[in-house]
Each structure stands twice: as C-alpha cells, then as structure tokens.
Amino acid sequence: MKKIDDSKLYFYFALTTLIIGIILAVVSFYSIYSVEPEIKDLLASAENKDKSYERAYILLRDPQIFARYEHFDTEQDLQLGYSTAKKLNIDSQRDLEILVSKTFPGTTVKKALRYFDNKVYYGKEITADEKRYLEVLLDRRMKGARLGRNTMIFVLVVSMISWILLFVEKRRVVSFNSE
Amino acid sequence: MQKKYLSVFIIFTAILFMPGCNKIPEKIQSPSIKIDLTENDNGKKYTVRFSGGIKNENSDTAFIGYKGNVVLADPSKDDKAVDSLSFSFPVILPFDSGIINIKAERSEEEVMQILELLNLSREKLIAEKSVERFNIDEKFIKLDTVTYKTRGIVKLLKDRLNEKN
C-alpha cells in the first residue's frame, strides 16, 4: 500500500504563510521605523510648529492598515477620558461624563479627525494645546503597527512549523517507499 | 472547470472589497420645515424654509461638488413627488455633515399640497401668517443625489496645503 503524500499540502501552506508573514513585516516595520519616527520628529519640532503639526497630521491621516479609521474602540475613548480627568483632578462622575462627551475637541479619534480635517482644509492653525490629540492619533497608529508585527511573528512561527512538517513528511514518504 | 473556479474567485474577491466602496448619503437627518406667508401690494408670497443635514459616513473620502434634491413625497401614492428643493455643497469632509438650509418661494397651490401632505393646518397658516418649524417624518422625505465627485482626504488636504504654500 502506498503512503499518502501530504508534502504538497505542507509546502503550499508553508509558502502561503511565509508570504503573508513577509507582507506583514514590510507593512509593520515601514510604519515602526520610517513613518512613526518622522511623525514624532514633527510633533517635537520647536520651529514652525504650525506647519510641522499640519505635516504630521497629513501623515497620520493616512492610517496604518491595522489601525484604519472605520472602526473605533470606545474603551480607548473612555480610558483617555479617565486619564485626562485624573490629571485635572476631576472626581465627580458627572463632570467626567461632561469631559468625555462634550469637551471639544473631545476624546474620540473620530471627533479629532473631523476637527483637524476642517482645520487643515480651511487653513486654520493647529495650536500647541491641540498637539495631544495628534498624539492620540499617533498612539492609534503605533498600536496598529505593533499588532501587525505581533501577527507577523505568529504567522512566521506557523510557517516554520509547516516547513519542518514538510521535511519530516518527505523523509517518511522516501523511507516508506524504499521498504 | 478552471474558468468556473476563476469566476468564483473573482466574485468572492469583489465581495471582499465591496465594504471598501464609498457610502453615499441615503437620507436626510433631522428634516424640518417652516412656511411663512407675507402679503403686500403684489399679492401673497409663500416662503418655504427647509432645514436638515446629510452625513458623510466615509472615513477617508470627501464629497466634492455635491448636488442633490430634497423631495417631499407622498408614500400613499407610491412616493409621488409633491415638491422638490435643490441644494449643493462645495465639499463635505469625512465624518462631517452638510447642513441644508433652503429658502424657496412657492405658489399657493404648491404650498397647499405640502400642507396636505404633512397634515398641517391651512387655516393656521392664513391666520398666523406662519407655520412654525415642524419636524418632518422620514417617510415624507427622500434624498435624491444628482451629482458628486469623490476625493481621497489625504490627497485633498495635501493639495490644500500646497495651494496655501
């Protein structure tokens, strides 16, 4: 009886996961080592702050693939609201709710995008006080890039296991057929 | 056989990318209407003031040159149009709303049709010279998109910055 040879299955699975891992690596490391440092430099720039913030916002407006702006985490909004409230020594729940929901430009990414889109489109200056909301967008991008990097590691481990299984399978097929 | 699998693959890929297509505004938010009657030597003048909003729900696409019509339609007569009011916006940015404020003059006959559709009092309009701002039920309002262009927000903002500099 001939042994069933699964080596093709292992090969294509290993190759596919390897390709996916490489794509994830390119996308994630481009953000981590190229885009994010540039944004940080622009936000930290002491000269021509207005223009630097505008350029930083344009970079942030083009989202990282794992941190796009279609879906929003309300938990992140609340946590940002809580941390801001703590800095301002706000204890009352009611005051906290007002801060989170009504204080402009608010603590949501969506509100920040709408606000800054209008500002940049109509040529208004982004002030130093508003820089922290650009940092919220940067934080979102950084989390997306790290998610991509961690997913890449997982996929490459799965690929590596598949390559090992491929070699083991080939050896089994050869030894079975030689008997 | 291979062509069949290829067509299935293409259809599946197209379905995957469909959520990425632009969302066009489909309805008017918070529609309301006010009708004023003024009388002078030239006769009666009826002014219809409509307000509402349309929302751009896309995250990265702006609408440029959006033109549309607010259609007051009768749902009991297969959405037959009773009146139509035009509006336009030069730009609606992502997540933003275009606020519609239309002021239009209408003849007595046209206004009476609107009053009948919305079940408003004709006598009150004649007596008080005005029908107060009234929130319109969604079933009487249709949004008719005439034309628009789309532009990616990143490119749009870059072009604006380049114009500014």
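In what order do the three strands of the open sheet in chain B stand? In this predicted model, the order is β4-β3-β7, with antiparallel pairing. Two strands of chain B, β4 (80-92) and β7 (141-152), form the edges, and each pairs on one side only. Direction ignored, neighbouring strands of the sheet are turned by 10° against each other on average. Strands of a sheet pair through backbone hydrogen bonds, either parallel or antiparallel. Ten bridges join β3(B) and β7(B) in the antiparallel sense. Opposite Ala62(B) stands Arg151(B), a residue of β7(B).

Two helices of chain B accompany these strands. Helix α2 (residues 108-117) of chain B lies across β3 and β4 of chain B. This helix runs at about 95° to β4(B). Helix α4 (residues 153-164) of chain B packs on the sheet and touches β3 and β7 of chain B. The direction of α4 makes about 65° with that of β7(B).

The contact between the chains takes 15 residues from chain A and 13 residues from chain B. On the side of chain A that touches chain B, α2 (49-61) and α5 (109-121) of chain A each supply at least two residues. The most comes from α5(A), which gives seven residues.

The mean pLDDT of chain B is 88, and 90% of its residues reach 70 or more. For the complex, the predictor gives an ipTM of 0.77 and a pTM of 0.76.

Note on methods
Residues numbered from 1 in each chain as written. Chains lettered and ligands numbered in written order. Predicted model: local features only at pLDDT ≥ 70, side-chain atom pairs only at ≥ 80, totals over all residues. Contact = placed C-beta atoms within 7 Å. Helix = DSSP H or I, 4+ residues; strand = E, 2+ residues; numbered from the N terminus. pLDDT = per-residue confidence, 0-100. Pairing = 2+ DSSP bridges. Axes fitted to C-alpha atoms, helices over the stretch in contact; angles between N-to-C directions.
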